[in-house]
Amino acid sequence: MKKEESITPNFATISPHKERMCPCGCETMFIPRRRDQVYLNSNHANHAYNNGKRKQKSKRQVEAEKQLRLNDKLLAKFYSYFKKTEAVVLSLNLKAEDFDHSFFIGHSFIGEELYYKSFNYLFREYEKDGIKLTKILTPKTKVYAKRRRTD
Ligand SMILES: [Zn+2]
């Protein structure tokens, strides 16, 4: 009986913690040796650190690409309403569909006007009589504007 009593507290100091799951993604169940042991071992901790960072970065990339694709889609949609080489729409209408003017892949001057690029369009926001408007062009328009001014 005395032996058993000395074993029990010993066991408690070896394993006082509940089984837990390694949060690195391996889903291994383990009994931590210390209260602050989060991962199965340092390899798993490193894996989680590296993957966590990668995941965060790719999440930001995914969000940005999503917005760029949406912008391009909306420019295509609004541009198609006009049967001309350029379209001018109320910025409010674009924003109502979650267009974000701060997302673009580059910029280009046409004359003295600075246009921002989406994948397939150019756009420029300006104000007229206190109303914000967005002019939409295709890169094709740019070529025509430069080479064939009389068209
Ligand atoms: Zn793990």
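Author: Five strands make an open sheet, ordered S3-S7-S6-S5-S4, with antiparallel pairing. Strands are DSSP E runs of at least two residues, helices H or I runs of at least four, both numbered from the N terminus. Two strands pair if DSSP finds at least two bridges between them.

Reader: Which strands stand at the edges?

Author: S3 (86-90) and S4 (106-110). Each has a single partner strand, so one side of each has no neighbour in the sheet. Strand-to-strand twist averages 35°; axes are lines fitted to C-alpha atoms, with angles from 0 to 180 degrees between N-to-C directions.

Reader: Is this predicted or experimental?

Author: This is a predicted model; local features need pLDDT of at least 70, side-chain atom pairs count only at pLDDT 80 or more, and totals for chains, interfaces and linings use all residues. Numbering starts from 1 along each chain as its sequence is written.

Reader: How many bridges join S6 to S7?

Author: Seven, between residues 122-128 and 131-137, running antiparallel. Arginine 124 has lysine 135 in S7 as its bridge partner.

Reader: What's the overall pattern along the sequence?

Author: α-β-β-α-β-α-β-β-β-β-α. That comes to four helices and seven strands.

Reader: New topic. Asparagine 43: buried or exposed?

Author: Asparagine 43 is exposed, because 11 other C-beta atoms lie within 10 Å. The cut-offs are 12 or fewer for exposed, 20 or more for buried, partly exposed in between, with C-beta atoms placed from the backbone. Asparagine 43 belongs to helix H2 (residues 42-80).

Reader: And how much of the protein is buried?

Author: 14% of its 151 residues.
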